[in-house]
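Good morning, and thank you for coming.

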Amino acid sequence: MISSNDILETIRMIRQEHLDVRTITMGISLFDCAASDVSSACDRIYDKICKKAEKLVETGNEIEKEYGIPIIHKRISVTPISLIAAASRTTNAVPFAMALQKAADTCGVNFIGGFSALVQKGFTDGDMAVINSIPEALSLTKNVCSSVNVASTKAGINMDAVELMGRKIKELAYETRHENSIGCAKLVVFCNVPEDNPFMAGAFHGTGESDTAINVGVSGPGVVKVALESCQGNLSEVAETIKKTAFKITRMGQLVASEASKRLDVPFGIVDLSLAPTPAVGDSVAYILEEMGLEKCGTHGTTAALALLNDAVKKGGVMASSSVGGLSGAFIPVSEDAGMISAAECGALTLSKLEAMTAVCSVGLDMIAIPGDTSESTVSAIIADEMAIGMVNSKTTAVRLIPAYGKTVGDGVEFGGLLGAAPVMRVSDYSSEKFIARKGRIPAPIQSLKN
Amino acid sequence: MKAVITVIGKDAVGITAKVSTACAEFGANIVDITQKVLDDLFVMIMIAEVDSLTVKFTDFVDEMVKKGKESGLEIHVMHEDIFDAMHKI
């Protein structure tokens, strides 16, 4: 028998502390859609996605209602388009993005990820087609997300790709200048990208995955924050409290994932144990860090507090799910987190502190607005730094920067909805141009002699 | 399958009667009730068997929420599995 306290706790978590399942993402392989001409490939892609994901939104809504758990997003991830576009021998991958958009509209999902390329070691023609098409593709579509993996611990950093992505990000910012350069919010540059990540904008369906899979991303920074409010003990007790809370959150995610997989008759992939904030007050990772005793997120001690949080979330979550994957950790997207926004506005949180924080948590420099006149080489250099952190520490890192066109430090950029709003952050005034112009590869790091 | 129905609101005469009448109307068989009045706040938790509902479960959820609103009560109807998953190992 369940006790009344447990029942009321669950209800409080959902109604007051913003506990939710952040996303049910259906991964769909497009390998069987490759064709020698672009238009038949696009038709096949559209047909396959619509057939497989026909009931995704409806099923998500049903589960949401029956279990009383909000499921915020229903999304689709597909095989990296570079692999499919390669068969069509085209240099323009924009029609593929249009086909994905059309499928997203038909299925009613709010994002579709997979306009992606994996180029950590080098480029194929398909990769080049996708990367060169990114600015146009993301400005012409609304719900298509793109990611490019430019580095890995095994391959090193492809600096040709880093240099290229700096340019593409700037082009995309310009193409979407009338909407605060929002296109850049849909593009992520990765190191060690996971192939089963359900979270956008970096989701795609990896090559080692089954034909279709259901991956679920849980959330709940608000719940962790409230649990910590009543924990006055030392940091071991703080870690213990976070673990217990993460366990409960993940169990809910696991239940939703297995139910969705059963109802859609699609294999269950993974649960992604992430604390994903939203701009809603109370649903913030920064507030958790502040609850631990920091006056403002970004001050000295923030990296240590985040390391504790990130590890405790994983430890609690791993036992609660039969299969864990994706990014799994705490996200620190600046524009999507009320506490981060406030810390950045008052100057407590800087780009260099964020970079340090990414060494101990999931993902990386996420949803950060920088001045619109930041040079391409500086954007590339920021990416290179972040890739180096991921490469050396054998972890996923990512960069989602928005060089907001026409904006400068002190301005704010409004994206709306869950993407939130961000203050434009200062970047270094000194140039990295010659370093980036060298291109080539940064070799993979040695995996022993660790120090 | 069992559902957990929670009712929260300002204490008044006849809340239990109202909610159980609504359950009977839709064919939900109440198997357990606990209730408390904390200060002025009425909290009731019902466990109901919902296999022989006269409407779809999702419609039952909507109807109960609607009936709650009419009487100024916050009613949630949720599948019992969610509580088992979160609180039992």
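Which residues on the other side of H2(A) are exposed? They are A:Ser39 and A:Lys51.

Before I go on, a word on the source. This is a predicted model, in which local features need pLDDT of at least 70 and side-chain atom pairs count only at pLDDT 80 or more, while totals for chains, interfaces and linings use all residues. Residues are numbered from 1 along each chain as its sequence is written, and chains are lettered from A and ligands numbered from 1 in the order in which they are written.

Let us return to the helix. The buried residues of H2(A) are A:Val38, A:Ala41, A:Cys42, A:Ile45, A:Lys48, A:Ile49 and A:Lys52. Because they cover an arc of only 135° around the axis, they lie on the same side of H2(A); the arc is that of the directions from the helix axis to the C-beta atoms. They pack against E1, strand E2 (71–78), helix H4 (81–85), helix H5 (94–107) and E7 of chain A. Helices (H or I, at least four residues) and strands (E, at least two) are DSSP runs, numbered from the N terminus.

Strand E7 of chain A covers residues 212–218, and seven of its seven residues are buried. One side carries A:Thr212, A:Ile214, A:Val216 and A:Val218, and the other carries A:Ala213, A:Asn215 and A:Gly217.

What are the partners of this strand? E7(A) pairs with strand E1 (residues 21–28) of chain A in the antiparallel sense over seven bridges, and pairing requires at least two bridges found by DSSP. Within that pairing, A:Thr23 stands opposite A:Gly217. E7(A) and strand E8 (residues 268–272) of chain A run parallel, joined by three bridges, and here A:Val216 stands opposite A:Val271.

For chain A as a whole, there are 15 helices and 15 strands. Of its 451 residues, 62% count as buried.

Finally, the contact between chains takes 17 residues from chain A and 17 residues from chain B, where two residues are in contact if their C-beta atoms, placed from the backbone, lie within 7 Å. On the side of chain A that touches chain B, the elements giving two or more residues are helix H1 (4–15), helix H3 (56–67) and helix H9 (235–264).

Conventions:
A residue is buried if 20 or more other C-beta atoms lie within 10 Å of its own, exposed if 12 or fewer, and partly exposed in between; C-beta atoms are placed from the backbone.
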